[in-house]
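Please look over the structure below.

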Amino acid sequence: MTAKAIDMRWCEGGLSAGPGLDGMARALALVESASPAELRTCAGSILQAGHGLAWVGCLYLDGSGRWLGSDGDDVRFDCDDFRHPYAHAIRQGKPLRLGLLEARSRLDHPGFQAQMAELPGSLQLVVHPLRALDGKREWLGALVLAGETPALDRLEADPEFTAFEALLCRLWAGLTRHQGERQREAHLRRSLAQLNDGARRQTLAERLAGDLLGGSTAMQALRRQVVRAAETNLAVLLQGETGTGKDRVARAIHRLSTRCEGPFMAINCAAIPESLLESELFGHAKGAFSGADRAREGLIGQADGGTLFLDEIGDMPLPLQAKLLRVLENGRYRPLGSSEERRADLRLVAATHQPLRERIRHQRFRADLYYRLGQFPLTLPPLRERSEDIAELAEAFVADFCSREGREEVGITPAALRLLRERDYPGNVRELRNLIDYACAMTRPGEDVAPAAFAGLGVTEPDRGADATPTAPLNGRAGDIQDLRRALRDYEAELIRQRLLLFDGNRALAAESLGLPKRTLAHKCRQLELDAK
């Protein structure tokens with residue numbers, strides 16, 4: 001009997017008067033199942049309750065097609081494992097029937113044995129492989145029946161059982177496909193959301209490039225982290241050497257956050273005496289101490305709805321650390337000399353150049369405050385780790401000086417940039433800015449900043465000899481050379497490498513300084529394997 005004929009018989013029986021209507025309530029229960037798992041449970045209940053079966057199982061085939069599983073447990077039946085009867089039925093593609101006692105003796109799959117452990121050995125076991133009746137006729141799973149031989153014979157001979165199985169397969173396939181479509185749509189939505197989210201974050205990170213200058217890998221990573229931090233309400237701990245720009249990063253986090261319309265309040269904990277710091281942070285009531293002739297709101301209250309930036313928090317006295325921790329935990333604080341508590345909703349960004357873990361070991365900083373502050377830690381790279389940014393920073397600082405001082409815009413010479421790149425910067429970006437400000441002040445209006453402008457600070461170009469051209473020394477003594485061609489090749493490679501370093505990898509300038517066409521220099525770089533270095 002074809003699937004179409006089975007469906008027609010089911011429908012005709014349901015529409016006619018008499019016994020044909022008996023199964024409609026059960027059919028409706030199947031149709032109203034919201035998921036494949038709910039459908040399998042419903043089908044098993046109908047068969048077991050109405051036909052005197054000892055046990056009914058409805059196994060589903062995993063999407064990979066490699067194993068069968070049952071709802072409600074983690075047992076897996078691999079389709080290539082013939083220690084259970086389900087693999088035999090799936091592989092043969094037709095119903096399988098065997099005695100339970102025989103199955104127990106021949107099939108030793110632990111999951112199958114556990115399923116059958118409490119069933120009498122006199123029962124028969126029937127496995128019906130199930131597949132869709134339309135489309136690609138994909139496999140769905142297996143219907144497993146355990147019962148007395150007469151009950152199974154009656155059930156399998158009943159045309160209504162064939163119709164029941166056909167309806168089960170149609171509904172199962174439809175629900176599975178619909179579920180798959182929903183999952184694919186959900187996956188597509190998530191992918192698009194992630195793509196849009198990634199594009200949005202990239203756009204924000206690029207916008208930060210005008211404030212957090214530098215195209216180095218370290219600065220690109222920092223800008224991405226700033227965007228991530230701004231999306232949260234977590235406390236941010238900025239760590240890095242002095243002069244690395246922690247204040248700028250804190251302001252960038254506030255500007256990109258949902259609190260950007262709120263206030264941004266900042267204080268340097270190391271710049272205010274301990275006796276005044278508590279009042280600055282928490283405020284005070286009138287008469288709280290000598291000279292407090294009126295009440296004053298502290299920075300915590302002023303930062304309500306916005307961001308509070310505590311710079312050099314490593315220098316905060318221990319008693320204030322405990323009070324700050326309470327603000328972070330529940331938003332409550334009490335002004336100095338006040339009997340009433342207040343509440344502030346703020347986002348805290350803290351910064352320090354000190355090793356807080358070391359201060360914790362010396363009991364100069366609270367460990368609980370450290371972990372509360374460091375919900376989103378950010379480490380700012382020192383300038384020596386991003387020396388490729390020096391030229392961009394220097395040019396920006398020159399332009400900023402001219403703008404502040406009302407001067408005509410000037411530039412900075414390549415020789416001056418080369419001089420700056422050769423320096424070490426213990427003071428990082430702040431030190432570089434101070435150098436540029438001094439050099440700009442020492443440069444005549446209308447002239448570009450040159451190396452001579454830095455001479456007053458003891459910054460001079462290294463002596464490169466009469467022709468100011470770096471040369472590559474021979475490795476070892478001339479008497480040790482045994483292969484002239486190899487020695488000449490090594491010397492040529494070292495000379496080109498040094499010249500490329502001198503001009504920051506600019507092959508056009510390096511070629512010009514060596515008196516070579518750019519194409520010839522490019523060929524030599526490939527020949528000498530300098531591209532891979």
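## A loop residue

Does T443 count as buried or exposed, and at what relative accessibility? T443 counts as buried because its relative accessibility is 8%. Buried means under 20% relative accessible area, exposed means over 50%, and partly exposed lies in between (1.4 Å probe, protein chains only).

T443 is found in the loop between α18 (428-442) and α19 (484-502). Leaving aside its neighbours within four places in sequence, T443 is in contact with R407, D448, V449 and A453. Contact means heavy atoms within 4.5 Å.

## Model and overall build

This is a predicted model: local features need pLDDT of at least 70, side-chain atom pairs count only at pLDDT 80 or more, and totals for chains, interfaces and linings use all residues. Residues are numbered from 1 along each chain as its sequence is written, and side-chain values use heavy atoms, with hydrogens and water left out.

The protein has 21 helices and 15 strands. Helices (H or I, at least four residues) and strands (E, at least two) are DSSP runs, numbered from the N terminus. Of its 533 residues, 42% count as buried. Take the contacts with a separation of 6 or more: residues 24 or more positions apart account for 64% of them. The protein exposes about 29200 Å², and carbon and sulfur atoms supply 50% of that area. Accessible areas come from the Shrake-Rupley method with a 1.4 Å probe; for residues, only the protein chains shown count as cover.

## Helix α11 and its end

Helix α11 spans residues 274-282. Its buried residues are L277, E278, S279, L281 and F282. Just after α11 comes G283, with a positive phi of about 80°.

## Pair α9 and α10

Helix α9 (residues 217-230) and helix α10 (residues 246-256) have axes that come within 8 Å and cross at roughly 45°. That makes α9 oblique to α10. Axes are lines fitted to C-alpha atoms, for helices over the stretch in contact, and angles run from 0 to 180 degrees between N-to-C directions. Angles under 35 degrees count as roughly parallel, over 145 as roughly antiparallel, 65 to 115 as roughly perpendicular and the rest as oblique.

The crossing is right-handed. A crossing is left-handed if the near helix is turned anticlockwise from the far one by less than a right angle, and right-handed if clockwise. From α9, L222, V226, V227, A229 and A230 meet V249, A252, I253 and L256 of α10. By class, this contact has nine nonpolar, no polar and no charged residues. Ala, Val, Leu, Ile, Met, Phe, Trp, Tyr, Cys and Pro count as nonpolar, Asp, Glu, Lys and Arg as charged, and the others, Gly among them, as polar.

## Pair α16 and α17

The axes of helix α16 (residues 390-405) and helix α17 (residues 414-421) come within 10 Å, crossing at roughly 120°. That makes α16 oblique to α17. The crossing is right-handed. I390, A391, A394 and E395 of α16 make the contact with L417, L420 and R421 of α17. These residues divide into five nonpolar, no polar and two charged.

## Pair α19 and α21

The axes of α19 and helix α21 (residues 518-527) come within 11 Å and cross at roughly 120°. That makes α19 oblique to α21. This crossing is left-handed. R489, E492, I496 and L500 in α19 meet L521, K524, C525 and Q527 in α21. Here the contact divides into four nonpolar, one polar and three charged residues.
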